[in-house]
Amino acid sequence: MSKHLIVDPITRIEGHLRIEAVIDDNNVITDAYASSTMFRGIETILKGRDPRDAGMLTMRICGVCTGTHYQRSIEAVEHAFDVTIPKNARLVRNLMQGALYIHDHVIHFYHLHGLDWVDITSALKADPKKAVEESFKWCKTPYGVGESELIQIQERLTKFVKEGRLGIFANAYWGNKNYKLSPEQNLIATAHYLQALDLQRDAAKLMAIFGGKMPHPQSIVVGGVTCVQDIQNPARIALFKTLLKKFNHFIKTAYLPDVYMAGSVYVSEALDGTGAGLKNYLCYGDFKLDDTGFYQAANLFPSGVVLNGDLSKVYPFDQSKVTEDVTHAWYEASGPQHPFDGTTNPKYTGLEKKADGYAYLKTKEKYSWIKSPIYDNQRVEVGPLARMVVGVAAGDERITKYVTNFLATLGEKLGLGGPAPTAALFSTIGRTAARAIETELMGDVMVDWIDELAANAASGDLHTWTKFDFNAVSKDAKGYGLAEAPRGGLGHWVKIKDGKIENYQAVVPSTWNAAPRDNEGRMGAYEAALIGTKVADVNQPLEILRTIHSFDPCIACAVHIIDTKGKELGRFKVGTNCAI
Amino acid sequence: MIDKREALVKLFSAKGARVDTNKGEEYYNNLQTLMENRLNELEKAEGAYKTNIHTILEANGLSRRDFMKWASAACAMLMLPASFVPTVARAAELMNRVPIIWLELQDCAGNTEAILRSDAPTIDELLLDIVSLEFNHTIQAAAGHEAEKHLDEAIETFKGKFLCVVEGSIPRAMNGLYGTIGPHGETFEEHLLRVSAKSAAVVAVGTCATFGGVPAASPNPTGAVGVQDIVKNKPVINIPACPANPANITGTILHFVLTGQVPALDHLNRPKFAFGYRIHDNCERRAHFDAGHFVESWGDHGAKHNWCLYKMGCKGPMTFNNCSIVRYNEAVNWPIGAGHGCIGCSEPDFWDKYATERPISASRIKAPTGGVESSVDEFGLGLLTAAAIGIGIHATASIVAGKKGDSNE
């Protein structure tokens with residue numbers, strides 16, 4: 001008999017997410033539903049405000065990819081006003097967002113996703129001497145895993161566990177037989193978990209140097225940036241470089257080796273494509289490499305669409321083909337709508353309480369606060385994997401080089417007798433690997449950018465802002481800010497009338513990935529990725545966490561929308577048909 | 001780089017410091033007795049962990065001297081005289097006896113992210129050793145039913161002893177159904193009431209949890225409110241700002257450990273040690289304000305020379321917080337340091353009242369000539385009045401200069 005599982009809350013993510021899965025007699029997932037259970041209504045709040053203030057407010061959509069929302073919102077307004085920012089501003093914005101990438105990806109790998117692969121309790125049984133030997137298999141100069149360091153970490157953990165309370169490590173799926181790393185490998189990863197926790201503060205400082213603080217930076221304005229004193233001060237540039245160098249060292253001697261190490265153990269799941277899902281990939285494109293006009297500049301990540309995992313073809317991305325559908329989302333609307341004209345009204349239809357006392361999603365009807373984005377009549381996945389896939393398909397030299405190197409090194413470390421196959425990237429593990437590849441690339445390219453900024457400032461160019469006449473340009477305008485958050489394509493669309501925001505919509509990474517089914521019953525990326533996965537123990541659905549976490553969910557971002565007024569809410573008699 | 005700890009000690013110990021913390025010998029003697037009794041009690045109590053903090057610090061390469069330095073900064077931040085340093089150090093050793101259950105409601109996880117970058121103490125110490133963090137969605141290992149089970153267990157085990165830290169606002173429209181959590185589909189309001197009922201006190205962190213924040217901004221589509229509008233039978237401490245400065249969160253927890261009581265609060269339930277003075281009072285650009293040197297447009301001569309950002313919409317003169325001293329990310333920078341004015345994020349309704357890029361004159365607030373003084377409580381009155389006159393003059397000047405932008409209502 002099939003089983004219907006609820007996993008709520010999905011933890012180690014940002015925001016509120018519920019997954020329900022139907023599992024057959026062989027413990028294989030046959031059906032899956034993703035639901036967001038929190039809503040704030042930020043787009044309604046934006047209406048009628050000064051477009052210059054939108055960046056500050058939309059940044060609060062999310063405390064994780066905070067700076068990305070900030071930049072996209074400002075950019076959407078700049079696009080509407082046709083204001084091109086100076087070189088210094090472009091470089092500072094790239095550096096701030098680059099810092100966000102490397103910070104976010106490392107935190108994700110170790111602190112959010114890592115515990116799906118690493119059994120911390122097993123690390124207690126490790127032989128530190130053997131662990132040191134193990135670490136040299138994956139890196140010539142492994143990070144922070146000398147024998148004495150490992151002993152110290154093990155003692156600290158043992159003491160912690162002996163005292164009886166595990167705090168944030170309590171009640172996880174420890175001991176699940178699908179945890180496959182050896183005690184020594186677990187110890188290495190645990191050591192890096194703790195070291196990364198300490199080191200990530202430096203990566204956050206990278207953003208604060210030009211952004212004032214992290215999270216929620218405060219130095220970007222329509223037309224440019226405000227941190228001119230940080231640009232012109234060589235000590236600030238030097239600090240940035242020092243911290244970046246230190247962090248890059250960690251990426252190359254801990255993060256990448258740990259991905260190889262975990263990849264070696266979980267390689268079969270990658271090769272059989274567990275967790276691949278839709279295999280349609282979309283990249284909005286991002287990180288402008290020159291100062292030409294809007295959406296003409298060369299991008300570090302080229303935009304494009306790849307369908308059915310076919311790397312031989314890349315379709316150009318066209319923002320006019322982005323729509324959102326609400327057939328299975330708690331809103332009312334007629335047909336899929338483009339974000340410029342997105343009109344949505346909440347229509348909450350609740351959960352259904354069953355005899356077992358739990359409240360279930362009404363999956364035939366509406367079941368999430370997230371809308372279903374559709375691109376040119378296709379459901380697509382966004383994120384680091386999409387960026388790498390589109391980059392390779394588009395023949396981007398830099399991305400191809402990093403992906404090829406990674407696959408070659410992995411193949412060599414695993415003794416595959418050649419590079420690991422590209423198709424292995426179409427999997428849960430592949431999504432995690434793509435993030436690591438991208439982190440290395442980003443860390444390297446940021447070194448060039450900070451040098452470029454320093455050289456530009458030294459040449460005497462301290463231009464940080466482009467002047468514009470607000471009253472003239474804000475009469476009737478519309479624009480979009482399209483780019484790539486660490487989690488994937490993030491877009492803000494804004495319509496401005498008489499100096500005020502008339503309409504505002506955001507279609508962001510987790511809207512694409514965490515969306516429910518659409519008007520044609522097609523699944524969203526999370527849902528599709530779960531189908532066919534075998535769960536070792538239904539009481540410990542570790543495999544569900546793995547695949548969902550591999551997307552790096554950011555749910556608060558995904559739930560935006562709404563076009564209602566507070567007083568209208570009295571009309572919805574939701575209390576009666578909800579299971580509470 | 002500015003050493004934050006040094007800056008704190010200097011600020012509170014300097015002659016003519018703008019913050020007068022001296023409350024008299026008798027007051028401090030009584031406080032000392034209260035703290036000693038509290039700490040003796042905590043020491044006897046069954047705590048989550050019994051590890052000696054010094055073993056931990058040693059393992060992290062920190063000496064007794066480093067620890068005392070940290071304790072002296074923490075002591076200064078709590079506005080206590082230097083004679084309290086040993087007591088504060090002892091309290092830090094007992095911090096793990098007060099477990100934390102951290103709830104996330106209508107939030108963006110910004111406060112969790114901020115505390116992850118906390119430097120005093122660092123987060124790995126916090127997690128494993130100093131604070132017993134029992135529950136936090138963003139970083140805890142358990143999920144689903146197991147997470148719920150652990151929450152129930154922790155609430156019962158530490159009944160009446162734990163601090164309930166809340167991040168995010170609470171939607172009340174539509175019977176609270178804009179936010180549900182757990183397999184039973186509990187609303188955020190029910191969830192908060194259930195957990196807070198068994199806590200010792202509730203700490204609302206960030207502007208969403210304190211005053212409703214972004215979700216409560218006009219027209220407040222989900223009927224979002226702050227914790228103090230829901231929790232009525234427990235002390236509620238508000239630590240606003242977007243995000244709350246982790247130093248203020250740690251300081252509040254430390255204060256609770258020290259006294260078993262909430263710290264002295266202002267009329268908005270904010271700890272006075274952190275919100276007892278304005279950004280403007282200790283701003284690094286203050287001298288330029290007094291001299292009348294203002295940035296007039298982004299990137300101009302004034303911007304290149306760190307002049308005052310008042311005319312670019314800085315709300316520092318109206319905003320009570322210690323950002324200008326504590327700063328962010330290990331004091332590496334702060335918004336005004338990065339050339340952007342303060343947006344007033346620790347004040348209620350700031351999204352609606354403070355137009356961020358327009359000067360105070362164009363915002364829906366008044367210069368602090370009447371009313372705002374009450375929030376300064378017993379100090380800084382004279383200075384505030386002087387500044388208010390200054391602000392009035394500049395405000396008038398900027399209207400004349402045609403800078404008035406937002407003309408809503």
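**Backbone, salt bridges, sheet and interface**

Author: Start with Asn306(B): its place is the loop between α14 (301-304) and α15 (323-326) of chain B. Helices (H or I, at least four residues) and strands (E, at least two) are DSSP runs, numbered from the N terminus. This is a predicted model: local features need pLDDT of at least 70, side-chain atom pairs count only at pLDDT 80 or more, and totals for chains, interfaces and linings use all residues. Residues are numbered from 1 along each chain as its sequence is written, chains are lettered from A and ligands numbered from 1 in the order in which they are written, and side-chain values use heavy atoms, with hydrogens and water left out.

Reader: Okay. Is phi positive or negative at Asn306(B)?

Author: Positive, about 60°, although Asn306(B) is not a glycine. The residue is partly exposed, at 25% relative accessibility. Buried means under 20% relative accessible area, exposed over 50%, partly exposed in between (1.4 Å probe, protein chains only).

Reader: And His216(A), buried or exposed?

Author: Buried, at 1% relative accessibility. His216(A) also has a positive phi of about 60° without being a glycine. Look for it in the loop between α8 (183-211) and β4 (220-221) of chain A.

Reader: Next, peptide bonds. Which residue is joined to Pro9(A) by a cis bond?

Author: Asp8(A), with omega at about 5°. Pro9(A) is in the loop between β1 (3-7) and β2 (17-23) of chain A. In chain B, the bond from Ser218(B) to Pro219(B) is cis too, omega near 5°. Pro219(B) falls in the loop between α10 (206-211) and β8 (224-225) of chain B.

Reader: Where do Arg90(A) and Glu452(A) lie?

Author: Arg90(A) is in helix α4 (residues 87-113) and Glu452(A) in helix α14 (residues 428-458), both of chain A, so the pair ties together parts 362 residues apart in sequence. Arg90(A) is buried at 6%; Glu452(A) is partly exposed at 29%.

Reader: What does Arg379(A) pair with?

Author: Asp518(A), in a salt bridge with the closest N and O atoms 3.8 Å apart. Asp518(A) lies in the loop between α16 (509-514) and α17 (525-530) of chain A, and Arg379(A) in the loop between β15 and α12 of chain A, so the bridge ties together parts 139 residues apart in sequence. Asp518(A) is buried at 0%. Arg379(A) is buried as well, at 4%.

Reader: Which residues are linked with Glu330(B) in a network?

Author: Asp198(A), Arg201(A), Asp202(A), Lys205(A) and Lys246(A), through salt bridges.

Reader: Now strands. How many residues of β7 in chain B are buried?

Author: Five of five, over residues 201-205. Ala201(B), Val203(B) and Val205(B) point one way from β7(B), while Val202(B) and Ala204(B) point the other, and all are buried.

Reader: Parallel or antiparallel, the pairing of β7(B) with β3?

Author: Parallel, over five bridges, with β3 (residues 163-167) of chain B. Strands count as paired if DSSP finds at least two bridges between them. Cys164(B) has Val202(B) as its bridge partner. β7(B) also pairs in the parallel sense with β9 (residues 236-239) of chain B, over four bridges. There, Val203(B) partners Ile237(B).

Reader: Last topic. What area is buried between chain A and chain B?

Author: About 8600 Å², with carbon and sulfur atoms giving 57%. That is the accessible area (1.4 Å probe) that two parts lose on being put together, summed over both. On the chain A side, Arg156(A), Arg165(A) and Ile168(A) lose the most, together 9% of what that side buries.

Reader: How many residues does the contact take from each chain?

Author: 97 from chain A and 103 from chain B, with contact meaning heavy atoms within 4.5 Å.

Reader: How many salt bridges between chain A and chain B?

Author: Three. One of the structure's salt bridges joins Asp352(B) to Arg49(A), with the closest N and O atoms 2.7 Å apart. The largest share of the chain A side touching chain B, 11 residues, comes from α8(A).

How values were computed
A salt bridge is a side-chain nitrogen of Lys or Arg within 4 Å of a carboxyl oxygen of Asp or Glu.
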